[in-house]
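My notes follow in the order in which I looked.

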Amino acid sequence: MSKATEDIDFETDPEDLPERDDSTAELGAPSVVVHDLHVTYRVFGSKRQPVGGSRLKRLVAKGSAYAGAVTEVRAVRGVSFVAHHGESIGIIGTNGSGKSTLLRAVAGLHPPTQGSVYISGVPSLLGVNAALVKQLSGERNIIIGGLALGLSREEIEERFDDIVDFAGIGDAVQLPMSAYSSGMAARLRFAISTAAVPDVLMIDEALATGDAAFRKRSKARIEEIRHAAGTVFFVSHSLASVRAMCTRAIWLDQGVIRADGPVDEIADMYAQYVKELHSAGKDDRDAAQ
Ligand SMILES: Nc1ncnc2c1ncn2[C@@H]1O[C@H](COP(=O)(O)OP(=O)(O)OP(=O)(O)O)[C@@H](O)[C@H]1O
Ligand SMILES: [Mg+2]
């Protein structure tokens with residue numbers, strides 16, 4: 001299977017997911033405006049290794065070749081879009097296309113190299129990098145996460161049981177998060193991040209590890225946020241989840257927006273592209289044999 005095809009999770013059964021609710025199709029005012037956004041990473045000491053020669057020779061050469069070498073990775077290259085209150089937007093694209101970088105830049109976690117991001121309200125980035133502390137118990141992390149969301153101690157106490165129930169982690173809430181399975185950790189992160197209705201919620205792959213029941217619960221929570229006029233960004237390799245959760249999709253390719261529009265239209269285009277990539281890869285291999 002080609003790399004790009006592996007990217008898409010064809011396993012998720014759309015039957016698992018409830019019908020999308022398009023009832024709030026009327027859009028509110030703009031909530032996020034991204035204008036000509038560029039994000040460039042600078043990687044130090046990353047000069048390509050000299051090819052050829054013995055491994056030892058290359059190692060010796062490495063010291064001098066690497067000194068002061070800087071490679072620039074242009075992860076996002078001139079992205080512009082406007083998101084509205086009440087909209088949920090799926091971000092799709094193959095590995096390394098810039099999805100996580102774009103979300104981190106919109107959340108203000110990574111400074112843009114060029115361009116600007118205007119955001120009305122407070123963004124909450126939920127993803128593999130959410131600022132929870134692995135060594136601490138689920139309980140402690142609920143408190144830290146709640147405080148980070150701007151909840152008071154009392155509000156956190158009030159919502160504590162709901163958060164644990166939603167995450168479905170039971171007594172494991174007493175254990176350090178380092179002892180959680182990736183699914184449990186992702187569920188807790190989602191439950192914490194949505195304990196206060198955020199203005200802008202960003203979810204990066206976090207739901208991929210949830211089971212069908214959890215996906216249904218999180219889908220309902222996302223609808224709630226949308227109805228409360230929030231904006232949801234949802235990065236996922238599961239096209240079925242994107243179709244079920246989002247009203248609109250943005251397809252990123254090598255840091256550039258390849259298409260932006262109604263979710264079904266864009267998801268169809270992307271699926272077709274990946275299929276073509278896959279069969280082209282197969283043809284290459286066939287030809288090589
Ligand atoms: N911290 C970093 N330092 C240097 N380069 C990075 C860094 N993070 C990402 N990149 C590069 O930026 C590009 C975009 O990466 P990004 O993680 O945004 O892609 P993605 O679409 O989220 O991929 P995936 O589907 O695998 O999660 C890639 O070429 C990646 O190698
Ligand atoms: Mg990513």
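By class, which residues make up the shell around ligand 1? I worked from a predicted model. I found four nonpolar, eight polar and two charged residues in that shell.

Next I looked up which residues come nearest. Of the 14 residues around ligand 1, these are Asn95, Gly96, Lys99, Ser100 and Thr101.

I then looked up the elements that supply the shell. Strand E1 (30-44), strand E2 (70-84) and helix H3 (99-106) each give at least two residues. Helix H3 gives the most, with three residues.

I turned to the side-chain contacts with oxygen atoms of the ligand. For Thr101, an N or O atom of the side chain is 2.5 Å from an oxygen atom of ligand 1. For Lys99, the corresponding distance is 2.7 Å. A polar side-chain atom of His237 lies 2.9 Å from a ligand oxygen. I also noted the area: ligand 1 taken alone exposes 630 Å², of which the protein buries 62%.

The axes of H5 (residues 153-167) and H7 (residues 212-227) come within 10 Å and cross at roughly 130 degrees. On the H5 side, Asp165, Phe166 and Ala167 make the contact. On the H7 side, I listed Phe214, Arg217, Ser218 and Arg221. By class, this contact has three nonpolar, one polar and three charged residues.

Terms used. Residues numbered from 1 in each chain as written. Chains lettered and ligands numbered in written order. Predicted model: local features only at pLDDT ≥ 70, side-chain atom pairs only at ≥ 80, totals over all residues. Heavy atoms only, no water. Near = heavy atom within 4 Å. Polar contact = N/O pair within 3.5 Å; in protein donor to acceptor, adjacent residues only side chain to side chain. Areas by Shrake-Rupley, 256 points an atom, 1.4 Å probe, with all protein chains shown as cover. Helix = DSSP H or I, 4+ residues; strand = E, 2+ residues; numbered from the N terminus. Nonpolar A, V, L, I, M, F, W, Y, C, P; charged D, E, K, R; others polar. Axes fitted to C-alpha atoms, helices over the stretch in contact; angles between N-to-C directions. Contact = heavy atoms within 4.5 Å.
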